[in-house]
Amino acid sequence: MSKSKTPNKFFKNLGDYTAILLISFLPHLSIFNKIKASVMRSRGALIGKRTKLLSGIWIDDFSFLEINDDVSIAKDVILVATGGIKIGHRSMVGYGSKILSTNHIIPPGKESLRFPGLEYKKVTIGNDVWIGAGVIILPGITVGDGAIIGAGSVVTKSVNPYAIVAGVPAKTIRMRN
């Protein structure tokens, strides 16, 4: 990295860390949700109207995050957005869930696991989706409109619209009527 870029990266990171602190510790009252959304927009996120953000949320990169209108994100949610995360209208993300859009590359053979790099795969959550508490969604997943993901599930494959999935790994239990 050239010396001229170091201060810019430092100040970007400092701004992001300050934003994370504000988002994490402000309560979820309406006025504070407006402040949180405004802070996230100032860091590059696309945030819709009436977004509800509870405390303890952690986001690694705001510039690849899109949250649409009337989304609710519960306490202690982790959004690893460097690969891109889009959350559709009226969706809910339960307590302690993790949406991951980045993962380590597994090198071929017996090469070192330490520095093989990262892969970035966008995660897309449809409209009217309910993600239960403690769910983990892995990189590259698409969750269709109206789907429900049961608490504690690990989503390793994309979810069809209006499917109810649960388990480790998550499997379709049934379709919504």
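Reader: Which side chains meet in a salt bridge at 3.9 Å, N to O?

Author: A salt bridge is a side-chain nitrogen of Lys or Arg within 4 Å of a carboxyl oxygen of Asp or Glu. Here the side chains of Lys 121 and Glu 119 meet in such a pair, at 3.9 Å from N to O. This is a predicted model, in which local features need pLDDT of at least 70 and side-chain atom pairs count only at pLDDT 80 or more, while totals for chains, interfaces and linings use all residues. Residues are numbered from 1 along each chain as its sequence is written, and side-chain values use heavy atoms, with hydrogens and water left out.

Reader: How many salt bridges does the structure hold?

Author: The structure holds three. In one of them, Asp 70 pairs with Arg 50, and the closest N and O atoms are 2.6 Å apart. This pair links distant parts of the chain, 20 residues apart: Asp 70 is in the loop between β4 (65–67) and β5 (72–73), and Arg 50 is in the loop between β1 (46–47) and β2 (52–53). Strands (E, at least two residues) and helices (H or I, at least four) are DSSP runs, numbered from the N terminus. Asp 128 forms a salt bridge with Arg 90, with 2.7 Å between the closest N and O atoms. Asp 128 lies in the loop between β12 (123–125) and β13 (130–131) and Arg 90 in the loop between β7 (85–87) and β8 (92–93), so the pair ties together parts 38 residues apart in sequence.

Reader: Which residues form a nonpolar patch on the surface?

Author: Patches are made of residues with over 30% relative accessible area and no salt bridge; like charges are joined within 9 Å, and nonpolar side chains (Val, Leu, Ile, Met, Phe, Trp, Tyr) within 5 Å. Accessible areas come from the Shrake-Rupley method with a 1.4 Å probe, and for residues only the protein chains shown count as cover. Leu 29, Ile 31 and Ile 35 form the patch, with about 280 Å² of accessible area together. Ile 35 is in helix α2 (residues 30–42) and is partly exposed at 36%.

Conventions:
Buried < 20%, exposed > 50% of the residue type's maximum accessible area, 1.4 Å probe, protein only.
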